Amino acid sequence: MKGNIMNRARKWLAIGFATVVASSVFYVPTVAAHGEKSQAAFLRMRTIHWYDLRWSKDQIAVNETYTMSGKFRVFSDWPEAVRHPHVSFLNVGQPGPVSTRMSSYINDVFVPRSVGIELGGDYSFSVELKGRRPGTWHVHTMMNIEGGGPLIGPGKYITITGNIEDFENPITDLTGNTVDIERLGLGTIVGWHVFWYVLGIAWMWWWARRPMFLPRYMRVEAGEANDLVTDTDKKVTLGVMVGVLVIVLYGYESAEGKHPVTVPLQAGLLGDIDPLPVNYDAMVSVDVLKANYRVPGRTITMKLEVTNHTDEVISIGEFATGGIRFLNPDVIVDDTDYPDNLLAPEGLEVSQQDIAPGETVVVEVAGTDAAWEVERMADVIYDPDSRFGGLLFFVDPEGNRMPIPVGGPLVPIFV
């Protein structure tokens, strides 16, 4: 009697465990932000620099759209540990399918697939997103690099209001039919998932209904391993194997009959995209003579030799790295509603603000803000190759911005 009770307990314990595992698949907790801070500082500093970013809206309703746009510079001092961006995909970093991407463009070229981009090139981009799931979500720029993974850019909170049940995503397919791909085949998908879950749980129950673990181990040790699998077990196994093959074949034939016209998923490389025709590096030359990071003051200091090749006076207005913007308030005041945690509106100090046409000067630049530590950018000083990278923005009298790359070894100072 006691043995039967223990066997029943083991059986129901196994069934309960299988049920918990199966049901947990359907639970998706709400996620409000990303782990971009966990991305190595050298990746954020020396790969893709996003600038002139704008989010057209920060609050939309379900089925409404907003646009994330701006420019990015592919850093010339690309880290050796990351494959060059010859296969790159413009993406969006968000916590799941909270919004649907309607279109993506690089330099006004439609980019639904991967493309090639050049080191040292500047590119414009725009991504149109449609609200799907209500909530407040952290949405980032992002570039996926083959061999380098996702490179996450600055993020901003976007609030989506309404009801997810109202979301629609209609398209017209190649046969001229208009369908809502949000719900297309949903019943079939749910039905097949339920069927395979039930079959899987039944399969586990068949083998877990008898004594497990120690009783079976003892029989194996006693030389009775062959008796653990009965003739009935073998017949059931053969039946399940044949049944699964028949069901899969039936499903394939059924889908082919219902949807006779299909095309494969398109995954080829669209080709290389040429950078923007402007050559900022020909306008201003910057050589880094020395760079330090003062740990107690959360300050990066740079000694730069700057040459103005233009015929106008230019001013140093901003230093941007890893999504953090250090502004010289005498030159630039942010009007883009840039995320506060990534903005130091008075964080840039320069020894000489204006540089005359044709003039070559040595300038000391300092960027100070707690974001160095909060955003974990200071971790770069602990890398085996402690190098920094960023964009130094020069501004002419008409307000045009010239992003010039700066980078090199970064020496920490701990006093």
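**A close look at the salt bridges**

Modeller: Let's start with Asp 335, which is exposed, at a relative accessible area of 62% (exposed is over 50%, buried is under 20% and partly exposed is in between, using a 1.4 Å probe and protein chains only). Its side chain forms a salt bridge with that of Arg 54, at 3.7 Å from N to O (the term means a side-chain nitrogen of Lys or Arg within 4 Å of a carboxyl oxygen of Asp or Glu). This pair ties together distant parts of the chain, 281 residues apart: Asp 335 sits in the loop between strands S15 (324–327) and S16 (343–344), and Arg 54 in strand S1 (residues 48–55). Helices (H or I, at least four residues) and strands (E, at least two) are DSSP runs numbered from the N terminus. Arg 54 is partly exposed, with 41% relative accessible area.

Bear in mind that this is a predicted model, where local features need pLDDT of at least 70, side-chain atom pairs count only at pLDDT 80 or more, and totals for chains, interfaces and linings use all residues. Residues are numbered from 1 along each chain as its sequence is written, and side-chain values use heavy atoms, leaving out hydrogens and water.

Next come Arg 46 and Asp 385, whose side chains also meet in a salt bridge, at 3.7 Å from N to O. They lie 339 residues apart, with Arg 46 in helix H2 (residues 41–46) and Asp 385 in the loop between helix H6 (371–374) and strand S20 (387–395). Arg 46 is buried at 4%, while Asp 385 is partly exposed at 41%.

There's also a network of salt bridges linking Asp 52, Glu 318, Arg 325, Asp 334 and Arg 401. Overall, the structure has 17 salt bridges.
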